[in-house]
Amino acid sequence: MTGLCAGRVAVVTGAGRGLGRAHALALAAEGAKVVVNDLGVALDGAAGQGSPAQQVADEIRALGGEAVAHGGDIATTDGAASLVATALDTYGRLDALVNNAGFLRDRMLINLDEDDWDAVLRVHLKGHFLPLRHAAAHWRAEAKAGRAPVARVVNTSSGAGLLGSVGQGNYSAAKAGIVGLTLVAAAELGRYGVQVNAIAPAARTRMTERTFAETMAAPGEAGAFDAMAPENVSPLVVWLASADSAGVTGRVFEAEAGRITLMEGWRPGPTADKGARWTPAEAGETARKLLAAAEPPRPVYGAS
């Protein structure tokens, strides 16, 4: 390892398993002191048993790193505030926030209950906003005190948020919202020395190994590259959380297997300007011409 994050303090939410655990271990391996957050819930957000956050913190320490566990609910103001306070009280600083926590309650839209909508939006979108808000308040205070931070935020979106995913209306909406939040935060917080980016990872986790069982399966051949291992995503997260990523903000990267893709979002395509108001028939005819001149959209995940 190169010590890319030596001396830095990173917080990772949802770090008890899957991608979050892989990120926490990778950050620690590169020298970061890590606050490992996990509420320890089941796949659907129901109460779980044990403390996966403590287990990962113990694992990091056993490997010679520094880590502390945090078991609070980061989708509450008190939980998010205590998360930032844990980093500051334990290590005296905060340099990077990796927002990763989430769970699934998949339903087709006509079967999607309001409670399932609210729960998924809460943990994914509110669970990004509140830690970001409290971390940003600290970094703004540091900047105003003349201690300009070299701060990094890595948010977690999804291909479902970029393209949609059949049976995941709540999850797709939340992950799309995270992209919007990332863009706004990057624009607002740059003056305080904070860079904000997002990843859209594809990896084997509790949330994907059932839904996409065949795609996410580990290779049967010994020594073969495990394309869907969550550890494949973490190197990009570590780099985005490091000072070495200077100048990179407001970006979304897809990360899967050995591939990293810089995603290019909504931007103007074919256009027509009459210089006056269209009639409905003219608007429809023009829209069809624009569609014919445009690139076809990528298919929604899960669509046949």
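Met108 is partly exposed, with a relative accessible area of 47%. In this predicted model, Met108 sits in the loop that runs between strand S4 (96–98) and helix H4 (114–144). Together with Ile110, Val166 and Val300, Met108 makes a nonpolar patch of about 400 Å².

Eight strands form an open sheet in the order S3-S2-S1-S4-S5-S6-S7-S8, and their pairing is mixed. Strand S3 (67–70) and S8 are the edge strands, each pairing on one side only. On average, neighbouring strands of the sheet are turned by 20 degrees against each other, with direction ignored. Within the sheet, strand S1 (residues 9–12) pairs with S4 in the parallel sense, over three bridges. Ala10 stands opposite Ala96, a residue of S4.

The phi angle of Ala257 is near 55 degrees, a positive value in a residue other than glycine. Ala257 has a relative accessibility of 19% and therefore counts as buried, the cut-off being under 20%.

Helix H9 presents another setting. H9 covers residues 280–293 and has 14 residues. From its first C-alpha to its last, helix H9 reaches 20 Å, close to the 20 Å expected at 1.5 Å a residue. One of the 14 residues of H9 is buried, so the helix lies largely in the open.

Methods: Residues numbered from 1 in each chain as written. Predicted model: local features only at pLDDT ≥ 70, side-chain atom pairs only at ≥ 80, totals over all residues. Heavy atoms only, no water. Buried < 20%, exposed > 50% of the residue type's maximum accessible area, 1.4 Å probe, protein only. Patch = residues over 30% accessible without salt bridge, like charges linked within 9 Å, V, L, I, M, F, W, Y side chains within 5 Å. Areas by Shrake-Rupley, 256 points an atom, 1.4 Å probe, with all protein chains shown as cover. Salt bridge = Lys/Arg side-chain N within 4 Å of Asp/Glu carboxyl O. Helix = DSSP H or I, 4+ residues; strand = E, 2+ residues; numbered from the N terminus. Expected span 1.5 Å × (residues − 1). Pairing = 2+ DSSP bridges. Axes fitted to C-alpha atoms, helices over the stretch in contact; angles between N-to-C directions.
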